[in-house]
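First I want the overall layout, then the inside, then a sheet and a loop.

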Amino acid sequence: MALDTLANVKSLLGIATPLDDTLLGQLMDAAESFIQKHTGRDFEGGAFTESHPAGGPSIFLANYPIATVNSLKVDPDRVFGSTTERDPATYVIHADRGVIESLSGPFLQPYRKGSNDWPESVKVVYATATGSVPAGVKQAYSDLVGHWYRLAKTNSDAGFLMLTELTSAGDTKGYSWSLTRGLTIPPGVLEMLASFRIPAI
C-alpha cells in the first residue's frame, strides 16, 4: 500500500496520459522510502512493537495517531514476561501525539540523576489506524514524485547528457545543470515533512 494512489498523484500533477505510469510507480516507491526514512515513521498504519528507554516518564512512539495500545511492559532485564505488564490505569496515552506518559514518574527510576537510563526496558505493542495518511504527507509525497518526474523528463529530453543549452529546429532550450545531479529533495518538501518527524529525545 502506497502513501497515495497513482490516480491521485497523477491528478495532483496534472498528468492525464498512462504512458508514464511505470515510471511514476517507480518514483512513488522511491518517494515513499525516502519519507519513511526521513521521518522515521510508517504512515500507512498497522501493528507495531517498539522498545524504549525506561528512565523517563514519557515514551515517544514512532507512529501515530495511536488507535490501541495492546500491552506496555517494563522490565530492567528485558525479558518482558507476563508479570511485567503495566496496568493501563498507571499511564496516559496521548493518541494524537504518539506519547505514553507514566502517571508515577519514570517507568523505572534512573540510577543517575537527570539521565534516561534503562535502554530498551519498555516494550510497547500498539496499532495505528490504516488509511489515515495526513494531508501534509500526501502533499509532500506528490510534490516529491512530481519533482523527480520532471527531472526524469528533462533528462530524457536532453538525451541524458549534462547539457546547459540545446538548440533544435530553431528553438533554444536552456537547462539548469543542477537539475541533472540526481534525485534531489526540494526544500519545500523537507519543510512540509519537518513537523511529522519523530522528536529527538
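**Entry 1: the layout**

Reading along the sequence, I get the pattern α-α-β-β-β-β-β-β-α-β-β-α. That makes four helices and eight strands in the chain. A reminder to myself: this is a predicted model.

I looked up how much is tucked away: 37% of the 201 residues count as buried. The chain exposes about 11200 Å², and carbon and sulfur atoms supply 54% of that. I also checked how far apart in sequence the contacting residues are. Taking contacts between residues at least 6 apart, 72% join residues at least 24 apart.

**Entry 2: the inside**

My course notes say that nonpolar side chains tend to be buried together in soluble globular proteins. So I went looking for cores.

Which residues touch the most other members of the largest nonpolar core? They are Leu3, Ile35, Phe43, Val137, Tyr141 and Val145, out of 21 residues in that core. Two or more residues come from each of α2 (21-39), α3 (135-157) and α4 (187-194). The most come from α3, which gives eight.

Setting aside neighbours within four places in sequence, Val137 is in contact with Leu3, Ile35, Phe43 and Phe196.

There is also a second, separate core, this one of 17 residues. Val74, Phe107, Val122 and Val124 are among them.

**Entry 3: a sheet**

Next I traced an open sheet of three strands, in the order β1-β6-β3, with antiparallel pairing. On average, neighbouring strands here are turned by 15° against each other, ignoring direction.

I then followed one pairing. β3 and β6 (residues 122-128) run antiparallel over seven bridges. I also noted that Val69 stands opposite Tyr126 in β6.

**Entry 4: a loop residue**

Last stop: Thr84, which I found in the loop between β3 (66-74) and β4 (91-94). Is Thr84 buried or exposed? Its relative accessibility is 13%, and the cut-off for buried is under 20%, so Thr84 counts as buried. Leaving out residues up to four places away in sequence, Thr84 touches Leu72, Lys73, Val74 and Asp75. I had already met Val74 as a member of the second core.

Conventions. Residues are numbered from 1 along each chain as its sequence is written. This is a predicted model: local features need pLDDT of at least 70, side-chain atom pairs count only at pLDDT 80 or more; totals for chains, interfaces and linings use all residues. Side-chain values use heavy atoms; hydrogens and water are left out. A nonpolar core is a set of buried Ala, Val, Leu, Ile, Met, Phe, Trp, Tyr and Cys residues joined through side-chain atoms within 4.5 Å. Buried means under 20% relative accessible area, exposed over 50%, partly exposed in between (1.4 Å probe, protein chains only). Contact means heavy atoms within 4.5 Å. Accessible areas come from the Shrake-Rupley method with a 1.4 Å probe; for residues, only the protein chains shown count as cover. Two strands pair if DSSP finds at least two bridges between them. Axes are lines fitted to C-alpha atoms, for helices over the stretch in contact, and angles run from 0 to 180 degrees between N-to-C directions.
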